Amino acid sequence: MEHCIARNLSRFAATWIVASILAAALLSSRESAAQEFITVASTTSTEQSGLFSHLLPEAKKALGFEIHVIALGTGQALDMARRGDADVVFVHDKAAEEKFLAEGFGVERFDVMYNDFVIVGPKSDPAGARGSDVEAALRKIAASKAPFASRADKSGTNAAELRYWKEAGIEPKGEWYRETGSGMGPTLNTAAGMDAYALTDRGTWLSFGNRADLVVLIEGVKKLFNQYGVMLVNPAKHPHVKKQLGQKFIDWLISPEGQRAIADYRIEGQQLFFPNYWGGR
């Protein structure tokens, strides 16, 4: 009798141990899945325009893991990736992106989407900047010393703005040229508060609510084209980079599904970004 009881207890113990191991394995597997994520260094324009709020839930549904975005100016995002603090970079300064690749910090660059920059300013347009000539507009703004709000944050937008000033033959400086050192949204808030001119990406402009007396004065000009690209951070430089998950996200972004999700993002019926591989230019 005692031998039978001992045998049953032994069987019970063995069953309990096996069940415990299986439960622990299942819990560990679930925790591992829950912890799967990548870090994407991106621009403030993709965040402040609301694109990521629309896009990331779709990506998670398709891929099964989280995408954590750190929104910075493009220059800061690339520096973050150089330090190995991101798995993927999603930015909009092609010259800086190609330099990043040439330095060996990125694996391959893919075009993802595009829109354009616009120059906004007070409806009264005291500098007479309205038109289709970017350089002429900037010269008029500088000559009249009308206030101009600049991001001055090494972002893709800031890089484009400085390029346009250089092409206009102007070195912007003085009290009229206000450097905010902040993202596009705060810079537009500054411009709205002081009736200033500013260069902005169209996506942030369309999602920006506090326009006050600001209107678009220059748009539809070829040189205001604004291309976005995505790159995997090179695991040869930083072995901890989540290569497989990062590449899956990139592949999804440029797939028909991801491209359609980008095209579907609209505000009041207006499309903010145009995918490069779906729907055409």
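A salt bridge here is a side-chain nitrogen of Lys or Arg within 4 Å of a carboxyl oxygen of Asp or Glu. I'm working from a predicted model, and I went looking for these pairs.

**Entry: the count.** I get 13 salt bridges in the structure. I picked a few to look up.

**Entry: E58 and K61.** These two form a salt bridge, with the closest N and O atoms 3.8 Å apart. I checked where they sit: both are in helix α3, residues 51-63. They are three residues apart there, which is about one turn of the helix. Next I looked up accessibility. K61 comes out at 67%, so I note it as exposed. E58 has 32% relative accessibility, so it goes down as partly exposed.

**Entry: K60 and E66.** Here I found another salt bridge, its closest N and O atoms 2.6 Å apart. K60 is partly exposed at 38% relative accessibility. E66 is partly exposed too, with a relative accessible area of 30%.

**Entry: D116 and R202.** Which residue does D116 form a salt bridge with? I found R202, and the closest N and O atoms are 2.6 Å apart. D116 belongs to strand β4 (residues 106-122) and R202 to helix α9 (residues 202-207), so this pair ties together parts 86 residues apart in sequence. Buried or exposed, I wondered of D116 and R202? I have both down as buried.

**Entry: a network.** Last, I looked at salt bridges that share partners, and they join D79, R82, K99 and E103 into one network.

Conventions:
Residues numbered from 1 in each chain as written. Predicted model: local features only at pLDDT ≥ 70, side-chain atom pairs only at ≥ 80, totals over all residues. Heavy atoms only, no water. Helix = DSSP H or I, 4+ residues; strand = E, 2+ residues; numbered from the N terminus. Buried < 20%, exposed > 50% of the residue type's maximum accessible area, 1.4 Å probe, protein only.
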